[in-house]
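Please examine the sequence and the three-dimensional structure shown below. The briefing that follows sets out selected features, grouped by topic.

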Amino acid sequence: MIPVVAIVGRPNVGKSSLFNRLLQRRQSIVEAEPGVTRDRLYGRTDWNGRDFTLVDTGGLEPGDETGLRAATARQAKLAVHEADLVLLVVDVKSGLTAVDREVADIVRRSGKTVFLVTNKADDGKGAPEDFFELGLGQPYPVSAAHGLGTGDLLDAIVAHLPEAVAEAVPEAVHVAVVGRPNVGKSSLVNSILGEERVITSAEPGTTRDAVDVMLSSAGRDYVLIDTAGLRKRSRVDAGIERYSVVRALRAVDRCQVAVVVLEAHEPVKEQDKRIIGYAQEAGKGLLLAVNKWDLAAEAGLTAEDVTAGVREALQFVPYAKILLVSAATGLRVGKILPAAAVIAATHAQRVDPKQLKDTVTDAWRVTPPRAEGGRRPRLLQVEQVTSRPPGFAFRVTDPQAMHFSYKRYLENRLRQQFEFDGTPIRLFFRKG
């Protein structure tokens with residue numbers, strides 16, 4: 001197992017800035033507004049040849065037992081429970097506060113080793129004397145904004161962490177859960193996990209960051225990426241929400257399978273089509289999780305009605321797999337990961353060259369392309385040139401004469417023969 005380091009503290013002490021600095025790349029949103037980081041954010045990094053996972057958390061505010069702040073605090077406490085080492089971050093400029101003392105009590109009670117990190121020490125000096133009252137030993141002064149002291153902190157972290165245990169596991173399947181705001185993306189992730197791993201709320205925009213959730217199921221490793229809701233560009237404000245949309249699109253870029261969440265009791269929206277179109281253009285495997293099936297059933301809709309409506313609205317992705325699910329009841333949620341694993345395997349598939357040649361040659365013989373200007377294009381060669389997604393190069397005598405409908409015919413034959421379900425495939429036509 002890779003060791004885990006959790007970063008905790010009260011709001012607005014610079015936890016996310018420290019997370020990004022230690023991660024050695026910008027991953028977490030950094031704003032002056034308290035409470036920007038709500039969910040646990042994971043990032044894999046290394047220092048001096050040692051790998052470990054950093055976890056950024058929302059601000060701990062003891063005493064608030066309800067609402068979003070309480071949910072944020074629960075996430076932070078879960079991160080502490082999972083960690084091998086805890087970094088308690090305080091602000092040297094504002095000094096020791098009553099909330100700092102309460103947070104220190106919480107992490108001490110966890111029984112985990114705690115490093116006290118005094119952030120915003122821009123002059124490189126140590127912490128004020130009052131921070132020693134926390135009883136957490138010698139503080140580590142840093143300036144996350146300028147990088148001062150972070151090298152020494154990383155040295156101390158890797159010196160403390162247990163050795164990683166090498167595990168022979170297959171590559172994790174990266175699954176991005178995307179969709180319009182408030183369609184139930186985070187609820188679906190939590191239902192898959194069987195726990196409240198990411199914060200859910202009826203308020204659109206609750207998930208602002210893309211949250212990586214690592215898990216294993218039926219002998220396979222997965223990374224679920226829960227993302228912020230994607231809205232029309234004209235409705236995206238500057239700052240936090242704009243960056244969240246960028247993060248969601250980046251999540252699609254780095255996944256193998258995009259699970260696009262739709263609503264069963266509502267028709268497919270234009271924004272749904274844009275999201276699916278983005279995943280298609282990015283060449284990702286595609287699974288349509290039609291959520292809130294319980295509401296559709298209550299409205300008298302049948303599975304055939306809903307599936308036909310989705311297919312009709314999304315004719316440009318006929319290969320997409322559809323699952324009718326309910327995050328609220330758990331109906332068919334357990335089929336999402338196995339379906340994503342099959343799609344990921346198809347997405348990475350390389351076909352046998354001889355079978356490919358035989359399939360295309362037979363398709364060409366049975367239904368040849370129509371003649372243009374008295375001459376019919378001839379097939380000279382076909383080969384697979386890419387995977388993820390699968391791509392095929394056709395050498396022909398006249399690429400310009402290849403009609404769109406004939407290209408679709410060849411694609412359908414390849415899909416039938418090699419079962420390319422759930423993944424786009426690319427066809428390239430070149431002059432032989």
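H146 touches R21 and D122, where residues up to four places away in sequence are not counted and a contact means heavy atoms within 4.5 Å. The structure is a predicted model, in which local features need pLDDT of at least 70 and side-chain atom pairs count only at pLDDT 80 or more, while totals for chains, interfaces and linings use all residues. Residues are numbered from 1 along each chain as its sequence is written, and side-chain values use heavy atoms, with hydrogens and water left out.

- H146 lies in the loop between β6 (140-141) and α4; helices (H or I, at least four residues) and strands (E, at least two) are DSSP runs, numbered from the N terminus.
- H146 counts as exposed because its relative accessibility is 54%; buried means under 20% relative accessible area, exposed over 50%, and partly exposed in between (1.4 Å probe, protein chains only).
- The side chains of H146 and S143 are joined by a polar contact of 3.1 Å. A polar contact is a pair of N or O atoms within 3.5 Å; within protein, one must be able to donate a hydrogen and the other to accept it, and residues adjacent in sequence count only if both atoms are side-chain atoms.
- K120 and H146 are 26 residues apart along the chain, and their C-alpha atoms are separated by 8.8 Å.

**The chain as a whole**

- The secondary structure of the chain consists of 12 helices and 15 strands.
- The chain has 432 residues, of which 50% count as buried.
- Among contacts between residues at least 6 apart in sequence, 69% join residues at least 24 apart.

**Packing of α1 and α4**

- Helix α1 (residues 15-23) packs with helix α4 (residues 150-160) at an angle of about 75 degrees, and their axes are 10 Å apart. This angle makes α1 roughly perpendicular to α4.
- The contact is made by L18, R21 and L22 of α1 together with T150, L153, L154 and I157 of α4.
- Axes are lines fitted to C-alpha atoms, for helices over the stretch in contact, and angles run from 0 to 180 degrees between N-to-C directions. Angles under 35 degrees count as roughly parallel, over 145 as roughly antiparallel, 65 to 115 as roughly perpendicular and the rest as oblique.

**Helix α3 and D100**

- At 1.5 Å a residue, the 12 residues of α3 should span 16 Å, and the end C-alpha atoms of α3 are 17 Å apart, which agrees. The expected span of a helix is 1.5 Å times one less than its number of residues.
- The buried residues of α3 are D100, V103, A104, I106 and V107. They cover an arc of only 160 degrees around the axis, which puts them on the same side of α3; the arc is that of the directions from the helix axis to the C-beta atoms.
- An α-helix has 3.6 residues a turn, so residues three or four places apart point the same way.
- A98 and R109 are the exposed residues on the face of α3 turned away from its buried side.
- D100, in helix α3 (residues 98-109), counts as buried because its relative accessibility is 2%.
- A polar contact of 2.9 Å links the side chain of D100 with the side chain of R10. Leaving aside residues up to four places away in sequence, D100 touches R10, V90, G95, F131 and L134.

**Helix α11**

- The 14 residues of helix α11 (residues 353-366) should span 20 Å at 1.5 Å a residue, and its end C-alpha atoms are 20 Å apart, which agrees.
- L356, T359, V360, A363 and W364 are the buried residues of α11. Their arc around the axis is only 125 degrees, which puts them on the same side of α11.
- β13 (379-386), β14 (391-396) and α12 (404-418) are among the elements that cover these buried residues.
- The exposed residues K354, K357 and R365 are carried on the face of α11 turned away from its buried side.
- D352 caps the N-terminal end of α11, with a side-chain oxygen 3.1 Å from the backbone nitrogen of K354.

**Backbone features in loops**

- R388 and P389 are joined by a cis peptide bond, with omega about 0 degrees; P389 lies in the loop between β13 and β14.
- K292 is not a glycine, although it has a positive phi of about 65 degrees. K292 is found in the loop between β11 (285-291) and α8 (293-298).
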